[in-house]
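Here are a few notes to read alongside the model. Keep the 3D view open as you go.

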Amino acid sequence: MYPYGIEEAFAADAGGLELGMRLMLDPPRDRGLPDLGAPPVGPRESLNELAGSVLSTATRLDAPGFFAHMDPATPWITWVAAQWAARLNQNLLHEDTGATARELERRVIGVLAPIWGMDGGHLVPGSTVANLTALWTARSVHGIDRVVASDAAHVSVPKAANLLGLGYRSVRTDALGRMDMNELGDVASAAVVLTAGTTSRGAVDPLERPAAPWVHVDAAWAGPLRISTKWGHLLDGVDMADSVAVSAHKWLHQPKESALVLFRDTRTAHEAISFGASYLSDPNVGLLGSHGYAALPLAATIRAYGLQGIASWIDHEMALSLKLVDGIASHQRLEQLGSGPGTGVIAWRHTNVPSRTIQRHLVDAFVSVTVIDDEDWLRSVAANPFADPDHVIAAVLAAAERSN
Ligand SMILES: Cc1ncc(COP(=O)(O)O)c(C=O)c1O
């Protein structure tokens with residue numbers, strides 16, 4: 001027989017699994033985080049203990065008052081699929097350790113890559129890694145010596161340039177937060193990074209091809225907008241890119257860690273970033289070694305609702321942004337930076353009370369704070385289908401009152 005504890009830990013315990021599900025749906029009250037140095041309590045009590053703190057005190061991304069960050073509420077099918085992924089623990093590093101998993105990922109990529117005019121790519125844990133992978137590929141294929149991006153580009157872009165030993169130049173943005181293409185300068189040996197949905201205000205750089213050997217579009221946030229028939233035009237031109245980054249764990253409503261790095265010519269790109277090793281059944285493509293089954297929740301979501309289903313969630317969230325924008329406009333003490341819902345990232349503020357003060361005094365609501373041109377702004381991101389713009393506006397006004 002097995003040593004003590006093996007059976008209990010590794011064989012399926014239907015009752016324990018059911019308990020886990022029940023606790024997830026109906027969390028007990030906060031009991032504080034467990035003391036990990038105390039004697040072990042067994043799996044069911046461990047779940048009970050953790051549920052008391054982890055489940056009941058986590059930030060509720062699906063609460064009506066949460067209109068804050070790019071982290072989405074997730075559809076329940078992904079909760080199940082993510083659990084399957086943990087149970088199977090496939091390694092997509094090579095074919096031997098996850099043939100079906102790899103085939104499913106190929107199918108996911110096969111459905112998603114054409115949305116942005118790309119012919120393939122692979123999954124990575126986030127767009128930070130997607131941006132790095134794309135710029136690494138640009139360096140390998142074209143020997144670029146620097147990266148050029150707008151001053152509103154995500155921090156992962158200069159970080160990638162730094163890691164790759166490439167020069168970095170940032171280009172001024174215009175009044176709408178988009179790269180000023182007149183300031184682009186000489187990019188003959190550069191990779192130009194255009195952002196589709198800047199982090200602070202959701203701006204989309206002009207998606208026109210500059211005279212650079214490599215153009216990467218960082219569509220971490222706004223990429224999925226492309227599948228919306230109503231809003232997809234905001235990404236017109238994206239298919240001129242050599243590579244595109246999209247975070248599935250943002251607007252594709254996936255659990256972390258899930259993102260796509262996509263290429264127009266995937267065969268060349270993947271060859272440039274592949275390394276063989278004696279113990280691998282095929283060359284290792286990209287940055288990651290062992291990596292998991294993010295394709296499974298994504299595939300489950302696509303099969304369940306289709307791309308049009310996901311687009312309808314995004315459309316709904318854009319409608320919530322619009323409602324927030326209208327609410328801001330209708331109140332004298334509130335102002336928005338720019339106008340319209342943009343790509344669902346709204347920068348706004350109270351005219352009398354500093355945004356950080358507002359944030360500190362918020363009750364039962366969440367908005368983020370960002371700095372744009374040296375000024376603090378509240379930021380609301382349309383990633384929660386249950387967000388209630390009226391509730392959030394009322395909470396901000398109440399916070400302003402309370403702070404006086
Ligand atoms: C424009 C942009 N690019 C890249 C990233 C990094 O993506 P991730 O958080 O998936 O690594 C973000 C994250 O907010 C972003 O807003």
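**Pockets first, then the sheet**

1. Let's start with the second largest pocket: α5 (99-112), β1 and β9 (284-285) each supply at least two residues of its lining. Helices (H or I, at least four residues) and strands (E, at least two) are DSSP runs, numbered from the N terminus. A pocket here is an open set of points on a 1 Å grid over the protein atoms alone, where a 1.4 Å probe fits, with protein on both sides within 12 Å along at least five of seven lines; lining residues have an atom within 4 Å of a point.

2. A quick caution: this is a predicted model, where local features need pLDDT of at least 70, side-chain atom pairs count only at pLDDT 80 or more, and totals for chains, interfaces and linings use all residues. Residues are numbered from 1 along each chain as its sequence is written, and side-chain values use heavy atoms, with hydrogens and water left out.

3. Back to that second largest pocket: α5 gives the largest share of the lining, 5 residues. Of the 21 lining residues, R102, R106, H122, H270 and V285 are the closest to the centre.

4. Now find the open sheet of 7 strands, ordered β1-β7-β6-β5-β4-β2-β3 with mixed pairing; two strands pair if DSSP finds at least two bridges between them. At its edges are β1 (120-124) and β3 (167-171), each pairing on one side only.
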